[in-house]
Amino acid sequence: MHHTPPPFFKRGPAPLVRLLFFASLSLALLVIDARFRYVEGLRSWLALAAYPLQRAATAPIDLLSAVSEYLSTQASLIAENERLRERALANAQGAQRYLAAQAEAGELRRLIGAAEKLPVQSTPAEVLYLGRDPYSHKLFIDRGAVQGVKAGSPVADETGVVGQITRVHSLVSEVTLLTNPDQAIPVQVVRNGLRAVAFGGGNTGTLELRYMPANAEVQPGDRLVTSGLDGVYPAGLVVASVVSVERDPEHSFARVVCRPTAGVDRGRYVLILTSDVAPPPRPDEAQSSKDRRSDKTRRARAKEKQGDDSQ
Amino acid sequence: MIPSSSQILQPVRLSTIVGSFAVALFLNFLPWRDLRPVPDFVALVLAFWCVRQPRLVGLGVAWTLGLLSDAGNGVLLGQHALAYSLLAFLAVWLSRRILWFGPMLQSLHIALILLASQAAVLFVRLAAGDAFPGWPIFVAPLIAAALWPVVTWLLLLRQRRPANEQAI
């Protein structure tokens with residue numbers, strides 16, 4: 001005799017089977033995303049679907065700031081005005097000197113026949129929210145491919161470099177902060193022009209100059225600016241100041257810890273810096289820049305893994 | 001002892017479920033100052049519906065929500081999808097057992113489930129080559145579990161019958 005269960009007992013496949021199905025689907029996606037980056041289209045669509053909620057989530061903050069602006073008293077406004085006027089005066093002096101120096105530098109550069117420095121445009125953007133994962137060191141801004149944002153552009157605030165755009169969706173973009181351990185930025189010590197590469201220090205919120213020889217001329221208090229050697233960051237943006245230098249005779253490298261000048265984890269508004277003209281290709285590179293970047297991150301990851309294993 | 005599921009409730013409305021997920025996603029996208037102690041509201045609401053309505057909300061919903069929050073947060077696609085699938089499985093599997101307990105013991109069960117899903121996230125991150133982020137990562141699930149009685153009260157609000165009707 002053949003028994004079939006009544007229809008109200010039918011509940012589809014067993015939960016364990018479903019778990020295995022969805023878990024393997026997730027793992028497959030993870031591997032595809034981490035290794036091959038084939039699913040960027042799907043990611044963009046999902047990001048677009050989440051966009052209204054993201055916008056809605058920043059609305060109460062905007063409302064609060066609007067209300068507090070409205071309610072700010074006259075006294076505080078006068079005080080702020082005074083402060084701003086003082087700062088404007090100080091800035092004006094600096095700006096005059098900057099203009100003179102720029103003109104002089106341009107003249108000198110023409111004299112030696114070097115290429116004119118590329119003009120840099122800046123687009124203001126608002127920070128939508130930080131990545132849900134507090135250890136990923138990413139934030140999201142409200143400008144995307146529709147507004148002409150390109151992946152790889154540096155992002156700065158009024159005091160210095162914040163990070164770099166690593167992924168562009170249609171209406172939002174993802175910024176990887178300087179403090180991300182996978183993020184590197186070429187810098188230069190202002191005092192003596194020494195070149196170095198600063199890496200993110202992770203959750204400590206600091207940067208680290210790696211592979212600096214133990215006798216390198218760096219001291220606490222030194223200011224670091226971008227050197228512009230990579231063709232990604234324009235030269236001369238303020239990055240960080242050196243906090244401590246440890247020279248251990250047992251190691252061949254000094255440990256240099258710096259603190260970023262920009263509000264990497266604060267602030268609501270940032271600037272996206274773009275230069276229209278692409279720099280000329282480097283002579284020894286046949287690969288396209290995109291391949292190069294993904295190669296670089298992969299190599300960096302592999303290196304870190306090796307480091308972890310050896311510890 | 002009377003299981004807490006023996007309260008006679010009105011059937012759930014689909015709009016309640018959809019609305020609660022929208023609110024949870026909204027709360028997750030709020031620009032929090034420090035994210036470490038902030039509970040994952042989507043995981044909490046998902047656990048609630050998996051326990052209360054295992055036939056309506058299950059692994060498929062969990063997986064879709066996971067993908068959405070992966071894309072929204074710019075992490076590896078599939079990280080939260082895996083964690084939420086595991087969470088939904090545990091919640092559906094334990095739903096009959098959990099409903100038999102009082103609010104405090106229910107929270108304890110939920111804490112274990114949320115910790116397991118957080119462990120899945122951590123596992124994926126470590127496998128992808130990140131450094132161990134430290135033990136504070138497990139504080140948020142415990143806070144979320146402490147919110148369980150509040151969430152239960154809020155989300156059952158629309159299903160409760162008026163008191164006079166219940167007395168009959």
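1. Let's start with chain A, where six strands form a closed barrel in the order 1-2-5-4-3-12, with antiparallel pairing. Strands here (E, at least two residues) and helices (H or I, at least four) are DSSP runs, numbered from the N terminus, and two strands pair if DSSP finds at least two bridges between them. From one strand to the next, the twist averages 45°.

2. Before going on: this is a predicted model, in which local features need pLDDT of at least 70 and side-chain atom pairs count only at pLDDT 80 or more, while totals for chains, interfaces and linings use all residues. Residues are numbered from 1 along each chain as its sequence is written, with chains lettered from A and ligands numbered from 1 in the order in which they are written.

3. Strand 6 (residues 184–189) and strand 7 (residues 195–200) of chain A share five bridges, and A184(A) is partnered with F199(A).

4. Now for the contact between the chains: 42 residues come from chain A and 37 residues from chain B (contact means C-beta atoms, placed from the backbone, within 7 Å). On the chain A side, 23 are nonpolar, seven polar and 12 charged. For these classes, Ala, Val, Leu, Ile, Met, Phe, Trp, Tyr, Cys and Pro are nonpolar, Asp, Glu, Lys and Arg charged, and the others, Gly among them, polar.

5. Helix 1 (residues 15–36) of chain A packs on helix 4 (residues 79–99) of chain B at about 170°, with the axes 8 Å apart. Axes are lines fitted to C-alpha atoms, for helices over the stretch in contact, and angles run from 0 to 180 degrees between N-to-C directions. So these two helices are roughly antiparallel (over 145 degrees). Their contact has 12 nonpolar, three polar and no charged residues.

6. Inside chain B, helix 5 (residues 103–127) and helix 7 (residues 148–155) cross at roughly 110°, their axes coming within 9 Å. They are therefore roughly perpendicular (65 to 115 degrees). P103(B), Q106(B), S107(B) and I110(B) of helix 5 meet W148(B), P149(B) and T152(B) of helix 7.

Technical notes: Parallel < 35°, antiparallel > 145°, perpendicular 65-115°, else oblique. Contact = placed C-beta atoms within 7 Å.
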